[in-house]
Amino acid sequence: MELAKIVADLGWETLVGADLTRDVRDGYCSDLLSDVLAHAQAGDLWITHQRHLNVVAVGKLRDVAGIVFPRGLRPTPDVIARAAQERVNLFLSADPAFVVAGKLYRVLHP
Amino acid sequence: MPSRTPLVLRRIYPVAPRDLEQAGTVSTEVRRELLALGMSPDVVRRASVICFEGEMNIVLYSQGGRVILLVKEDRVELLFSDDGPGIADIELVSQPGYSTAPDWARELGFGAGLGINNMEQNSDLFEIRSRVGEGTVVRATILLGVPFF
């Protein structure tokens with residue numbers, strides 16, 4: 001499913017929208033960076049509470065469709081700037097991670 | 001294992017200890033270089049994971065070091081060398097779940113004890129050498145044209 005449609009349907013705030021035409025494969029939830037590197041797939045939306053610079057690198061290297069920060073956990077401007085530079089999509093949701101994942105699952109697996 | 005195939009590319013990237021601001025930049029640069037050489041998505045992905053884990057190990061645990069990228073006709077080699085402190089028991093630190101990461105690193109999502117395992121799983125050849133008081137060298141090789149499952 002196209003990323004732009006998911007973002008609109010779930011009401012996420014777009015912090016970096018480098019490429020909203022990407023096709024979303026599935027979702028992945030983890031706050032452990034090595035776990036994401038080992039198990040997230042290209043095209044996944046990654047839901048995480050981590051919001052520091054290295055998250056952008058992991059998202060880039062794993063080629064995720066985007067990173068979603070739950071519970072209104074807004075990253076600092078330097079993180080947003082790095083993501084824009086690396087063309088990594090970033091989103092913010094007011095919902096807690098469980099709810100973000102639940103809503104996303106329902107959209108991706110109707 | 002000596003390799004006599006011609007060298008396509010060599011890059012050396014210094015890595016500063018505890019510099020989390022810059023951490024990850026070597027991996028993204030290596031990824032860019034491999035994409036520019038037209039490497040397959042699979043090779044780029046595996047090299048990216050190996051490189052990030054190796055780079056983070058230098059940043060988090062060493063007194064500084066370097067990442068060396070060697071691309072030859074038949075392989076991509078990533079070497080991670082640091083200036084200490086060295087590892088006393090390589091088998092112990094290679095066990096999944098084992099980590100000496102301090103709390104501040106764990107809070108940032110590091111120190112899951114999966115780093116070396118991730119590097120090994122994505123390599124065709126993998127080797128760690130270390131001397132306590134001197135340093136550690138990790139050599140990870142991806143053989144091109146070899147099916148990977």
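## Confidence in the model

Chain B has a mean pLDDT of 93, with 95% of its residues at 70 or more; pLDDT is the predictor's confidence in each residue, on a scale from 0 to 100. Elements here are DSSP runs numbered from the N terminus: helices are H or I runs of at least four residues, and strands are E runs of at least two. For the complex, the predictor gives an ipTM of 0.90 and a pTM of 0.93.

This is a predicted model, in which local features need pLDDT of at least 70, side-chain atom pairs count only at pLDDT 80 or more, and totals for chains, interfaces and linings use all residues. Residues are numbered from 1 along each chain as its sequence is written, while chains are lettered from A and ligands numbered from 1 in the order in which they are written.

## Chain A: overall build

Let us turn to chain A. It holds 5 helices and 5 strands, arranged along the sequence as α-β-β-α-β-α-β-α-β-α. Its radius of gyration is 12 Å, close to the 13 Å that the globule rule gives for 110 residues, so chain A is as compact as a globular protein of that length. That radius is taken over C-alpha atoms, and the rule is 2.2 Å times the number of residues to the power 0.38.

The C-alpha atoms of chain A fill a box of roughly 35 × 25 × 25 Å along the principal axes. Of its 110 residues, 45% count as buried, which requires 20 or more other C-beta atoms within 10 Å of the residue's own; a residue with 12 or fewer is exposed, those in between are partly exposed, and the C-beta atoms are placed from the backbone. Among contacts between residues at least 6 apart in the sequence of chain A, 51% join residues at least 24 apart. A contact means that the C-beta atoms of two residues, placed from the backbone, lie within 7 Å.

## The sheet of chain A

The 5 strands of chain A form an open sheet with mixed pairing, in the order β1-β5-β4-β3-β2; two strands pair if DSSP finds at least two bridges between them. At the edges are β1 (13-16) and β2 (26-29) of chain A, each pairing on one side only. From one strand to the next, the twist averages 25°. Angles run from 0 to 180 degrees between N-to-C directions, with axes fitted as lines to C-alpha atoms, for helices over the stretch in contact.

Helix α5 (residues 97-108) of chain A packs on this sheet, where it touches β2, β3 (44-47) and β4 (66-69) of chain A, and its direction makes about 165° with that of β2(A). β1(A) runs antiparallel to strand β5 (residues 90-92) of chain A, and 3 bridges join them. Here Thr14(A) stands opposite Phe91(A) in β5(A).

## Helix α1 of chain A

Helix α1 (residues 3-10) of chain A has Leu3(A), Ile6(A) and Val7(A) as its buried residues. These cover an arc of only 100° around the axis, which puts them on the same side of α1(A); the arc is that of the directions from the helix axis to the C-beta atoms. Lys5(A) and Ala8(A), on the other side of α1(A), are exposed.

The cover over the buried residues of α1(A) includes β1, β4, β5 and α5 of chain A. After α1(A) comes Gly11(A), with a positive phi near 70°.

## Where the chains meet

The contact takes 16 residues from chain A and 18 residues from chain B. On the side of chain A that touches chain B, α2 (33-39) and α3 (53-62) of chain A each supply at least two residues, and α3(A) gives the largest share, 6 residues.

Buried residues make up 38% of the 149 residues in chain B.

Strand β2 (residues 65-72) of chain B is joined by 8 bridges to strand β1 (residues 7-15) of chain B, running antiparallel, and Leu7(B) has Lys72(B) as its bridge partner in β2(B). Another 8 bridges join β2(B) to β3(B), also antiparallel; these two strands form a hairpin with 2 residues between them. The covered face of β2(B) consists of Gly65(B), Val67(B), Leu69(B) and Val71(B), and the uncovered one of Arg66(B), Ile68(B), Leu70(B) and Lys72(B).
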